[in-house]
Each structure stands twice: as structure tokens, then as C-alpha cells.
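Visitor: I have a structure open and would like to talk it through with you. Could you take my questions as they come?

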Amino acid sequence: MPSIHLIGDNAVVRPGKIVCLGRNYVDHIKELGNEVPDAPVIFIKPSTSILADGGEIIIPDYSNDCHHEVELAVLIGKTGRNIRTETAFNHVAGYGVAIDLTLRDVQSRQKAKGLPWEIAKGFDTACPLSDFVPAAAISDPHNLTLTLTVNDTLRQNGNTGLMMRQIPQIIAEISAIFTLEAGDIILTGTPAGVGPIVSGDKVTAKISQVGELRVTVA
Ligand code: MG
């Protein structure tokens, strides 16, 4: 059973659902040729997809094109439904570094057929995740630099200030659909620069003030 850790808190948190936002940075929407969405693009990864820092990504044998997407992860600390934007930050316990691994070839086929994305997004090890820093340690979650390197080559370099939907709006919109419980995690979308990873790659994702995450590909 995966667990998650909030730095400074001895309690081991059992992760709940991982609610992910797609298409939240304009530069990434353009690189995949998608349209800017009117409503949020939401999907869920199961908690079994979590891979701890230092872990090994296992790319399923039904894909030949696994992409990295570095994302700011938000840990929910207080349960709520229909949370208002004005009080949304009261529900945030901490922030972490996540990689939304995506089997792009599989996702493209699913999209073309109008089928769900879970087999492209929710497989075991599809969610590498760092420890979380307490929310109080982050001065402004909308001004953080995100980078991702593969074998020391910079692939992604963005800033959370470029999110189209910001965290309070994301929490409000998601909690109007799903009750958000303590231990749930939200992935807030990726900036441009996504690309493939292959066996033997060393992947490092960093977010300023939040921390870093190092994983390898089996
Ligand atoms: Mg993503």
C-alpha cells in the first residue's frame, strides 16, 4: 500500500484519489495541438500508481511512448465538498513534486476512439511523487519554477504562474464533482516540453521551494 509523507508531520498519510487536471498551461496545449478547454479536463489516477522518490518506472508492455509531465501536486488536508475559492487554501496541507506519466501512444488511440484515458495514465508507477512540504512553507504557490531533466538534459522549464486555472479555482471546480478528502492529491497540469522516456533514463523533477524527485526507468 503506498503512503505519502508530509514533512514535519510524523503521521504517515494514506493517499486517497489523485485528481489530475489536463490542459492547464497554454504552451503545453499548443505543443499537443489541443484546444483550450472551456471546462476543466479532469481524470483520476489510482493511489496504486504512486511511485516514491528513488523508485523505478515500469513502462507497460502495451506502450512504446511513455511521456514525462512535471506537475505541482497539492495535498488535501481537510475534507470538503463544494469548496469556495475564498476558503480553498484552508483545505491544502502541503505541496509536492509529481510526474504525470502518460503513455502518449495509448492516450492518442483512446482519444481518437472517445475512450477513457486510465490505461494511459493510471498504470502502476504512473505517478512518481515526492514528500510534501507544509503549505505554510510556500510563500506563493503560483510563482514556483518547475523543471524536469532526463539524463541531465533540460526538457521542461516552466512556472506555476502560467497555470490558466489557479489552485483555488481548481479545488472549487473539482470539489463540486468529487468530495475532496484528507489524503487526496491534485495534480495541477504540466507546462510545455513533455517528451519520451526510455529504459535506463534518469529523470529528475524539481519545483522551487517544494523539492525534488529522482526516478529511473527500468
Ligand atoms: Mg498532466
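**Charges, metal and strands**

Guide: Since this is a predicted model, let me begin with a single side chain: Glu-86 counts as exposed, because its relative accessibility is 62%.

Visitor: Which side chain meets Glu-86 in a salt bridge?

Guide: The partner is Arg-84, and the salt bridge between the two side chains has an N to O distance of 3.6 Å.

Visitor: How many salt bridges does a search of the whole structure find?

Guide: The search finds 9 salt bridges. Among them is the one between Glu-212 and Arg-214, whose side chains meet at 2.7 Å, N to O; Glu-212 counts as partly exposed at 33% relative accessibility, and Arg-214 also counts as partly exposed, at 45%.

Visitor: And Lys-121, what does that form a salt bridge with?

Guide: Lys-121 forms a salt bridge with Asp-100, and the closest N and O atoms of the pair are 2.9 Å apart. Lys-121 belongs to helix 3 (residues 118-121) while Asp-100 sits in the loop between strand 9 and strand 10, so the pair ties together parts that are 21 residues apart in sequence.

Visitor: Are those two buried or exposed?

Guide: Both Lys-121 and Asp-100 are buried, and for Asp-100 the relative accessible area is 0%.

Visitor: Which residues are linked with them in a network of salt bridges?

Guide: The network links Lys-121 and Asp-100 with Lys-45, Glu-69 and Arg-104. For Lys-45 there is also a polar contact of 2.7 Å, which joins its side chain to that of Asp-100.

Visitor: Switching to the metal, what coordinates the magnesium ion?

Guide: The magnesium ion is coordinated by Glu-69 and Glu-71 through OE and by Asp-100 through OD, at 2.0 to 2.1 Å. Along the chain, these donors follow the spacing E-x1-E-x28-D. Glu-69 lies in the loop between strand 7 (66-68) and strand 8 (70-76), and Asp-100 in the loop between strand 9 (92-99) and strand 10 (102-103), so this pair ties together parts that are 31 residues apart in sequence.

Visitor: Is Glu-69 buried or exposed?

Guide: Glu-69 counts as buried, because its relative accessibility is 4%, which falls under the 20% cut-off.

Visitor: You mentioned strands 7 and 10, so what sense do they pair in?

Guide: Strand 7 and strand 10 pair in the antiparallel sense, over 2 bridges, and Cys-66 has Leu-103 in strand 10 as its bridge partner. The two strands belong to an open sheet of 3 strands with antiparallel pairing, in the order 10-7-16. Strand 10 and strand 16 (195-197) stand at the edges with a single partner strand each, so one side of each is left without a neighbour in the sheet.

Visitor: Now the surface, which residues form a nonpolar patch there?

Guide: Val-26, Val-36 and Met-164 form that patch, and together they have about 210 Å² of accessible area. Val-26 lies in helix 1, which covers residues 26-31, and is partly exposed, with a relative accessible area of 31%.

Visitor: Last one: where does Asn-34 lie?

Guide: Asn-34 lies in the loop between helix 1 and strand 4 (41-45), and at 21% relative accessibility it counts as partly exposed.

Definitions and conventions
Residues are numbered from 1 along each chain as its sequence is written. This is a predicted model: local features need pLDDT of at least 70, side-chain atom pairs count only at pLDDT 80 or more; totals for chains, interfaces and linings use all residues. Side-chain values use heavy atoms; hydrogens and water are left out. Patches are made of residues with over 30% relative accessible area and no salt bridge: like charges are joined within 9 Å, nonpolar side chains (Val, Leu, Ile, Met, Phe, Trp, Tyr) within 5 Å. Accessible areas come from the Shrake-Rupley method with a 1.4 Å probe; for residues, only the protein chains shown count as cover. A salt bridge is a side-chain nitrogen of Lys or Arg within 4 Å of a carboxyl oxygen of Asp or Glu. Helices (H or I, at least four residues) and strands (E, at least two) are DSSP runs, numbered from the N terminus. Buried means under 20% relative accessible area, exposed over 50%, partly exposed in between (1.4 Å probe, protein chains only). Donors are N, O and S atoms within 2.8 Å of the metal (3.2 Å for Na, K and Ca); water is not among the atoms, so sites may look incomplete. Two strands pair if DSSP finds at least two bridges between them. A polar contact is a pair of N or O atoms within 3.5 Å; within protein, one must be able to donate a hydrogen and the other to accept it, and residues adjacent in sequence count only if both atoms are side-chain atoms.
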